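Q: Hi! I have a model open and would like to talk it through with you. Could you take a look?

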Amino acid sequence: MTNSRTERRKRTKSKWKKRIIYTFLFLLIIIIGIGGYLAFHTYKAAKESYEGIGRPGEKSKLRNEAVTIGEDPISILLMGIENYSTNGKNGRADTQIVVTLNPQTNKMTMTSVPRDTRIMLPEEGAGQYAGYHKINAAYTFGSITGYGGKKLTIEMVEELLDIPIDEYIAVDFEGFRDIVDALGGVTVDIKEGFWEKNIYNNDKRIYFEEGPRKLNGEEALAFVRMRKRDVNTIYPRDERQRQFIQAAISEAISVGTIFKVGEISDILGKNVETSLKPSEIYALQQAYSSIDASKIKTLEIEGSNQMINGKSFFIPTDEGLSDISDKLRQQLDLSDEEINSSNENG
(Lines give C-alpha, C1' and ligand atoms only; values in the text may rest on other atoms or scores of the structure.)
Protein backbone atom coordinates (compact mmCIF):
# COMPACT_ATOMS: atom_id res chain seq x y z
CA MET A 1 0.00 0.00 0.00
CA THR A 2 2.80 2.39 0.99
CA ASN A 3 4.77 1.51 -2.14
CA SER A 4 1.70 2.10 -4.28
CA ARG A 5 1.14 5.50 -2.69
CA THR A 6 4.81 6.41 -3.18
CA GLU A 7 4.65 5.41 -6.83
CA ARG A 8 1.56 7.56 -7.34
CA ARG A 9 3.35 10.52 -5.76
CA LYS A 10 6.35 9.99 -8.03
CA ARG A 11 4.13 9.78 -11.10
CA THR A 12 2.20 12.90 -10.05
CA LYS A 13 5.41 14.82 -9.35
CA SER A 14 6.88 13.73 -12.68
CA LYS A 15 3.67 14.65 -14.51
CA TRP A 16 3.59 18.15 -12.98
CA LYS A 17 7.30 18.63 -13.66
CA LYS A 18 6.76 17.78 -17.32
CA ARG A 19 3.72 20.05 -17.53
CA ILE A 20 5.71 22.96 -16.10
CA ILE A 21 8.55 22.41 -18.57
CA TYR A 22 6.25 21.96 -21.54
CA THR A 23 4.17 24.96 -20.55
CA PHE A 24 7.19 27.23 -20.17
CA LEU A 25 8.51 26.36 -23.61
CA PHE A 26 5.07 26.50 -25.22
CA LEU A 27 4.53 30.02 -23.95
CA LEU A 28 7.97 30.86 -25.31
CA ILE A 29 7.03 29.86 -28.85
CA ILE A 30 4.31 32.48 -28.78
CA ILE A 31 6.34 35.23 -27.20
CA ILE A 32 9.87 34.64 -28.49
CA GLY A 33 9.61 31.72 -30.78
CA ILE A 34 10.63 28.69 -28.79
CA GLY A 35 8.69 26.08 -26.92
CA GLY A 36 6.83 22.87 -26.64
CA TYR A 37 3.78 21.25 -25.12
CA LEU A 38 2.63 17.84 -26.21
CA ALA A 39 -0.99 17.66 -25.12
CA PHE A 40 -3.23 16.72 -28.02
CA HIS A 41 -5.09 20.01 -28.38
CA THR A 42 -1.82 21.99 -28.34
CA TYR A 43 -0.20 19.70 -30.89
CA LYS A 44 -3.21 20.23 -33.13
CA ALA A 45 -2.98 24.00 -32.68
CA ALA A 46 0.72 23.92 -33.51
CA LYS A 47 -0.07 22.04 -36.72
CA GLU A 48 -2.67 24.65 -37.63
CA SER A 49 -0.09 27.40 -37.07
CA TYR A 50 2.50 25.78 -39.34
CA GLU A 51 3.21 27.51 -42.63
CA GLY A 52 6.44 26.76 -44.48
CA ILE A 53 8.57 29.43 -46.13
CA GLY A 54 8.67 27.71 -49.52
CA ARG A 55 12.42 27.67 -50.10
CA PRO A 56 14.37 25.08 -52.15
CA GLY A 57 15.63 22.33 -49.87
CA GLU A 58 13.71 23.93 -46.97
CA LYS A 59 16.77 26.02 -46.11
CA SER A 60 18.11 29.53 -46.42
CA LYS A 61 20.13 30.28 -49.55
CA LEU A 62 22.87 31.35 -47.15
CA ARG A 63 23.18 27.79 -45.85
CA ASN A 64 25.16 25.04 -47.53
CA GLU A 65 23.04 22.49 -45.70
CA ALA A 66 19.73 22.57 -43.88
CA VAL A 67 19.99 22.89 -40.10
CA THR A 68 18.78 20.26 -37.65
CA ILE A 69 16.55 21.90 -35.06
CA GLY A 70 17.80 21.22 -31.54
CA GLU A 71 21.28 20.21 -32.68
CA ASP A 72 22.61 23.10 -34.77
CA PRO A 73 22.78 26.83 -33.94
CA ILE A 74 19.77 28.50 -35.58
CA SER A 75 18.20 31.88 -36.19
CA ILE A 76 14.50 32.71 -35.90
CA LEU A 77 12.84 35.89 -37.14
CA LEU A 78 10.05 37.06 -34.85
CA MET A 79 7.48 39.22 -36.61
CA GLY A 80 4.79 41.31 -35.00
CA ILE A 81 2.17 41.89 -37.68
CA GLU A 82 0.07 45.06 -37.68
CA ASN A 83 -3.05 44.10 -39.62
CA TYR A 84 -5.91 45.42 -37.47
CA SER A 85 -6.35 48.47 -39.72
CA THR A 86 -6.48 46.34 -42.90
CA ASN A 87 -8.98 43.74 -41.68
CA GLY A 88 -6.28 41.10 -41.39
CA LYS A 89 -4.94 41.46 -44.94
CA ASN A 90 -1.62 42.76 -46.30
CA GLY A 91 -0.46 44.21 -42.99
CA ARG A 92 3.04 45.36 -42.00
CA ALA A 93 5.74 43.55 -40.05
CA ASP A 94 6.15 46.41 -37.59
CA THR A 95 8.22 44.33 -35.18
CA GLN A 96 11.18 42.31 -36.41
CA ILE A 97 13.54 40.66 -33.96
CA VAL A 98 16.22 38.17 -34.95
CA VAL A 99 16.79 35.50 -32.29
CA THR A 100 19.83 33.22 -32.37
CA LEU A 101 20.02 30.01 -30.36
CA ASN A 102 23.16 27.94 -29.90
CA PRO A 103 22.70 24.49 -28.28
CA GLN A 104 26.44 24.07 -27.71
CA THR A 105 26.79 27.26 -25.65
CA ASN A 106 23.12 27.42 -24.51
CA LYS A 107 23.20 31.12 -25.38
CA MET A 108 20.53 33.29 -26.95
CA THR A 109 20.67 36.73 -28.56
CA MET A 110 17.98 39.19 -29.68
CA THR A 111 18.60 41.80 -32.37
CA SER A 112 15.92 44.34 -33.26
CA VAL A 113 15.62 45.42 -36.89
CA PRO A 114 14.18 48.97 -36.89
CA ARG A 115 10.87 49.04 -38.80
CA ASP A 116 11.96 52.15 -40.74
CA THR A 117 15.21 50.64 -42.04
CA ARG A 118 15.66 51.66 -45.69
CA ILE A 119 16.05 48.73 -48.06
CA MET A 120 15.69 48.02 -51.77
CA LEU A 121 12.81 45.67 -52.52
CA PRO A 122 13.51 43.52 -55.62
CA GLU A 123 11.09 43.20 -58.52
CA GLU A 124 10.98 39.42 -58.05
CA GLY A 125 9.22 39.73 -54.72
CA ALA A 126 7.65 43.20 -54.82
CA GLY A 127 6.65 43.38 -58.49
CA GLN A 128 5.48 46.87 -59.45
CA TYR A 129 6.32 48.09 -55.93
CA ALA A 130 10.04 47.38 -56.34
CA GLY A 131 12.33 50.15 -55.12
CA TYR A 132 13.40 51.75 -51.86
CA HIS A 133 11.01 51.26 -48.94
CA LYS A 134 10.99 50.80 -45.20
CA ILE A 135 11.70 47.18 -44.32
CA ASN A 136 8.30 46.73 -42.65
CA ALA A 137 6.70 47.21 -46.10
CA ALA A 138 8.30 43.99 -47.39
CA TYR A 139 5.53 42.03 -45.70
CA THR A 140 2.86 44.22 -47.30
CA PHE A 141 4.12 44.08 -50.87
CA GLY A 142 5.13 40.43 -50.67
CA SER A 143 1.56 39.65 -49.62
CA ILE A 144 -0.03 41.80 -52.34
CA THR A 145 2.04 40.29 -55.16
CA GLY A 146 1.50 36.73 -53.96
CA TYR A 147 5.23 36.18 -53.44
CA GLY A 148 4.71 35.82 -49.71
CA GLY A 149 4.94 38.53 -47.09
CA LYS A 150 6.88 36.45 -44.62
CA LYS A 151 9.19 35.07 -47.30
CA LEU A 152 10.10 38.51 -48.67
CA THR A 153 10.60 39.91 -45.16
CA ILE A 154 12.93 37.03 -44.30
CA GLU A 155 14.94 37.58 -47.48
CA MET A 156 15.28 41.29 -46.79
CA VAL A 157 16.53 40.66 -43.25
CA GLU A 158 18.98 38.09 -44.59
CA GLU A 159 20.28 40.60 -47.11
CA LEU A 160 20.53 43.38 -44.52
CA LEU A 161 22.40 41.35 -41.90
CA ASP A 162 24.16 38.90 -44.22
CA ILE A 163 23.14 35.88 -42.13
CA PRO A 164 20.73 33.01 -42.79
CA ILE A 165 17.27 33.18 -41.24
CA ASP A 166 16.28 29.58 -40.62
CA GLU A 167 12.76 29.90 -39.21
CA TYR A 168 10.13 32.49 -38.41
CA ILE A 169 7.26 33.07 -36.00
CA ALA A 170 4.62 35.71 -36.74
CA VAL A 171 1.96 36.92 -34.33
CA ASP A 172 -0.66 39.60 -34.94
CA PHE A 173 -1.83 42.26 -32.50
CA GLU A 174 -4.87 40.32 -31.32
CA GLY A 175 -2.80 37.22 -30.66
CA PHE A 176 -0.26 39.25 -28.70
CA ARG A 177 -2.96 40.89 -26.59
CA ASP A 178 -4.84 37.65 -25.91
CA ILE A 179 -1.69 35.69 -24.98
CA VAL A 180 -0.60 38.32 -22.46
CA ASP A 181 -4.08 38.23 -20.91
CA ALA A 182 -4.00 34.43 -20.81
CA LEU A 183 -0.69 34.65 -18.96
CA GLY A 184 -2.38 36.81 -16.37
CA GLY A 185 -0.33 39.84 -17.39
CA VAL A 186 3.39 40.53 -17.57
CA THR A 187 5.30 42.67 -15.07
CA VAL A 188 7.70 45.20 -16.61
CA ASP A 189 10.02 47.67 -14.86
CA ILE A 190 9.17 50.84 -16.83
CA LYS A 191 12.25 53.05 -17.16
CA GLU A 192 10.60 56.28 -18.35
CA GLY A 193 7.00 57.42 -18.10
CA PHE A 194 4.84 58.06 -21.20
CA TRP A 195 1.37 57.54 -22.62
CA GLU A 196 0.03 55.72 -25.66
CA LYS A 197 -3.34 55.24 -27.34
CA ASN A 198 -5.39 52.11 -26.71
CA ILE A 199 -6.44 50.97 -30.19
CA TYR A 200 -9.07 48.69 -28.64
CA ASN A 201 -10.78 51.46 -26.65
CA ASN A 202 -11.40 54.41 -28.98
CA ASP A 203 -7.75 55.55 -28.68
CA LYS A 204 -8.20 56.32 -24.99
CA ARG A 205 -4.84 57.11 -23.41
CA ILE A 206 -2.96 54.57 -21.33
CA TYR A 207 -0.47 56.19 -18.96
CA PHE A 208 2.73 54.38 -18.01
CA GLU A 209 4.52 55.59 -14.90
CA GLU A 210 8.13 54.84 -14.07
CA GLY A 211 8.63 51.67 -12.02
CA PRO A 212 7.37 48.05 -11.97
CA ARG A 213 3.87 47.49 -13.35
CA LYS A 214 1.88 44.44 -14.36
CA LEU A 215 0.54 45.02 -17.87
CA ASN A 216 -2.56 43.36 -19.30
CA GLY A 217 -2.82 42.58 -23.02
CA GLU A 218 -4.02 45.99 -24.19
CA GLU A 219 -1.50 47.79 -21.98
CA ALA A 220 1.35 45.55 -23.12
CA LEU A 221 0.53 46.20 -26.77
CA ALA A 222 0.53 49.96 -26.19
CA PHE A 223 3.81 49.65 -24.26
CA VAL A 224 5.68 47.92 -27.09
CA ARG A 225 4.04 49.94 -29.91
CA MET A 226 4.69 53.51 -28.74
CA ARG A 227 7.09 55.44 -30.99
CA LYS A 228 5.66 58.95 -31.49
CA ARG A 229 6.10 60.38 -27.99
CA ASP A 230 9.21 62.44 -27.16
CA VAL A 231 10.38 59.84 -24.65
CA ASN A 232 10.94 57.43 -27.54
CA THR A 233 14.32 59.10 -28.13
CA ILE A 234 15.65 58.00 -24.73
CA TYR A 235 13.48 54.91 -24.19
CA PRO A 236 13.09 53.59 -27.74
CA ARG A 237 10.55 51.11 -29.00
CA ASP A 238 13.16 48.46 -29.84
CA GLU A 239 14.49 48.54 -26.28
CA ARG A 240 10.98 48.25 -24.83
CA GLN A 241 10.19 45.29 -27.07
CA ARG A 242 13.30 43.40 -25.99
CA GLN A 243 12.63 44.31 -22.35
CA PHE A 244 9.08 43.00 -22.62
CA ILE A 245 10.18 39.71 -24.19
CA GLN A 246 12.60 39.04 -21.34
CA ALA A 247 9.94 39.89 -18.76
CA ALA A 248 7.45 37.61 -20.54
CA ILE A 249 9.89 34.70 -20.48
CA SER A 250 10.33 35.14 -16.74
CA GLU A 251 6.54 35.25 -16.33
CA ALA A 252 6.13 32.08 -18.37
CA ILE A 253 8.54 30.20 -16.13
CA SER A 254 6.30 30.67 -13.12
CA VAL A 255 4.39 27.59 -11.99
CA GLY A 256 1.08 29.42 -12.14
CA THR A 257 1.11 29.55 -15.93
CA ILE A 258 0.29 25.84 -16.18
CA PHE A 259 -3.32 26.74 -15.56
CA LYS A 260 -3.34 29.00 -18.64
CA VAL A 261 -2.22 26.46 -21.23
CA GLY A 262 -5.70 25.64 -22.51
CA GLU A 263 -6.47 29.29 -23.19
CA ILE A 264 -3.15 29.92 -24.93
CA SER A 265 -3.40 26.84 -27.13
CA ASP A 266 -6.75 28.12 -28.42
CA ILE A 267 -5.04 31.37 -29.44
CA LEU A 268 -2.10 29.65 -31.10
CA GLY A 269 -3.80 28.35 -34.21
CA LYS A 270 -5.77 31.55 -34.80
CA ASN A 271 -3.22 34.32 -34.42
CA VAL A 272 0.21 32.72 -34.78
CA GLU A 273 2.01 31.34 -37.82
CA THR A 274 5.39 29.61 -37.79
CA SER A 275 7.66 27.59 -40.04
CA LEU A 276 8.46 25.33 -37.08
CA LYS A 277 6.77 21.95 -37.17
CA PRO A 278 5.45 20.45 -33.91
CA SER A 279 8.34 17.97 -33.84
CA GLU A 280 10.83 20.82 -34.23
CA ILE A 281 9.15 22.77 -31.45
CA TYR A 282 9.64 19.77 -29.21
CA ALA A 283 13.29 19.49 -30.28
CA LEU A 284 13.80 23.12 -29.27
CA GLN A 285 12.14 22.43 -25.94
CA GLN A 286 14.57 19.61 -25.32
CA ALA A 287 17.60 21.70 -26.27
CA TYR A 288 16.81 25.04 -24.63
CA SER A 289 14.73 24.33 -21.55
CA SER A 290 17.47 25.69 -19.27
CA ILE A 291 17.82 29.14 -20.86
CA ASP A 292 17.99 31.95 -18.27
CA ALA A 293 15.96 34.95 -19.44
CA SER A 294 18.17 37.35 -17.48
CA LYS A 295 21.21 36.28 -19.50
CA ILE A 296 19.78 36.82 -22.96
CA LYS A 297 22.13 39.13 -24.87
CA THR A 298 20.56 42.00 -26.80
CA LEU A 299 22.24 43.62 -29.80
CA GLU A 300 21.46 46.91 -31.53
CA ILE A 301 22.14 48.07 -35.08
CA GLU A 302 23.97 51.40 -35.16
CA GLY A 303 22.55 54.08 -37.43
CA SER A 304 20.49 57.25 -37.56
CA ASN A 305 17.14 58.57 -38.75
CA GLN A 306 17.33 60.59 -41.95
CA MET A 307 14.82 62.35 -44.20
CA ILE A 308 14.97 61.14 -47.82
CA ASN A 309 12.50 62.47 -50.40
CA GLY A 310 10.23 63.66 -47.64
CA LYS A 311 10.18 60.35 -45.74
CA SER A 312 11.95 59.40 -42.53
CA PHE A 313 14.17 56.32 -42.77
CA PHE A 314 16.55 54.55 -40.43
CA ILE A 315 19.94 54.32 -42.15
CA PRO A 316 22.32 51.77 -40.60
CA THR A 317 26.03 52.53 -40.71
CA ASP A 318 28.23 50.17 -42.69
CA GLU A 319 30.34 49.62 -39.58
CA GLY A 320 27.25 48.91 -37.49
CA LEU A 321 25.89 46.33 -39.92
CA SER A 322 29.31 44.67 -40.23
CA ASP A 323 29.66 44.49 -36.45
CA ILE A 324 26.18 42.98 -35.94
CA SER A 325 26.71 40.53 -38.79
CA ASP A 326 30.02 39.35 -37.32
CA LYS A 327 28.50 38.87 -33.86
CA LEU A 328 25.52 36.92 -35.20
CA ARG A 329 27.76 34.73 -37.36
CA GLN A 330 29.75 33.88 -34.26
CA GLN A 331 26.57 32.90 -32.44
CA LEU A 332 25.57 30.75 -35.42
CA ASP A 333 29.06 29.22 -35.72
CA LEU A 334 29.34 30.53 -39.28
CA SER A 335 32.56 31.48 -41.00
CA ASP A 336 32.99 34.08 -43.74
CA GLU A 337 33.88 31.24 -46.10
CA GLU A 338 30.55 29.49 -45.43
CA ILE A 339 28.56 32.66 -46.12
CA ASN A 340 30.55 33.46 -49.26
CA SER A 341 30.21 29.90 -50.52
CA SER A 342 26.46 29.94 -49.91
CA ASN A 343 26.12 33.26 -51.72
CA GLU A 344 27.95 31.89 -54.72
CA ASN A 345 25.75 28.78 -54.79
CA GLY A 346 22.55 30.79 -54.25
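Predicted model: local features only at pLDDT ≥ 70, side-chain atom pairs only at ≥ 80, totals over all residues.

Q: Good to know. Which residues of H4 are buried?
A: Those are Ala137, Ala138, Tyr139, Thr140, Phe141 and Gly142.

Q: And what covers them?
A: The cover includes the strands E1, E2, E4 and E5 (131-134), together with the helices H3 (123-126) and H5.

Q: Which residues make the contact?
A: From H4 you have Ala138, Tyr139, Gly142 and Ser143. H5 brings Gly149, Lys150, Leu152, Thr153 and Met156.

Q: How do those divide into nonpolar, polar and charged?
A: The contact of H4 with H5 has four nonpolar residues, four polar ones and one charged.

Q: Changing topic: how many residues are in the largest nonpolar core, and which have the most contacts inside it?
A: It has 33 residues, and the ones with the most contacts inside it are Met79, Val98, Leu121, Val157 and Leu161.

Q: Which elements give two or more residues to this core?
A: On the strand side, they are E1 (74-82), E2 (92-102), E4 (118-121) and E6 (167-172). The helices are H4, H5 and H11 (318-331). The largest share comes from H5, which gives six residues.

Q: Where is there another core?
A: A second, separate core of 22 residues includes Val188, Ile190, Ala220 and Met226. As background, nonpolar side chains in soluble globular proteins tend to be buried together.

Q: Back to valine 98. What does it touch, leaving out residues up to four places away in sequence?
A: Valine 98 touches Ile76, Leu77, Thr109, Met110, Thr111, Val113, Val157, Leu161, Ile163 and Ile165.

Q: Thr111 is on that list. Where does threonine 111 sit, and is it buried or exposed?
A: Threonine 111 is in strand E3, residues 107-112. It is buried, with a relative accessible area of 0%.

Q: And which residues does threonine 111 touch, with the sequence neighbours left out again?
A: Beyond residues up to four places away in sequence, threonine 111 touches Gln96, Ile97, Val98, Leu299, Ile301, Ile324 and Leu328.

Q: What about aspartate 333?
A: Aspartate 333 is not a glycine either, but has a positive phi of about 55°. Its place is in the loop between H11 and helix H12 (336-345). Aspartate 333 is partly exposed, with a relative accessible area of 46%.

Q: Let's zoom out. How many helices and strands does the protein have?
A: There are 12 helices and 14 strands. Of the 346 residues, 50% count as buried.

Conventions: Residues numbered from 1 in each chain as written. Heavy atoms only, no water. Contact = heavy atoms within 4.5 Å. Helix = DSSP H or I, 4+ residues; strand = E, 2+ residues; numbered from the N terminus. Nonpolar A, V, L, I, M, F, W, Y, C, P; charged D, E, K, R; others polar. Core = buried A, V, L, I, M, F, W, Y, C linked by side-chain atoms within 4.5 Å. Buried < 20%, exposed > 50% of the residue type's maximum accessible area, 1.4 Å probe, protein only.
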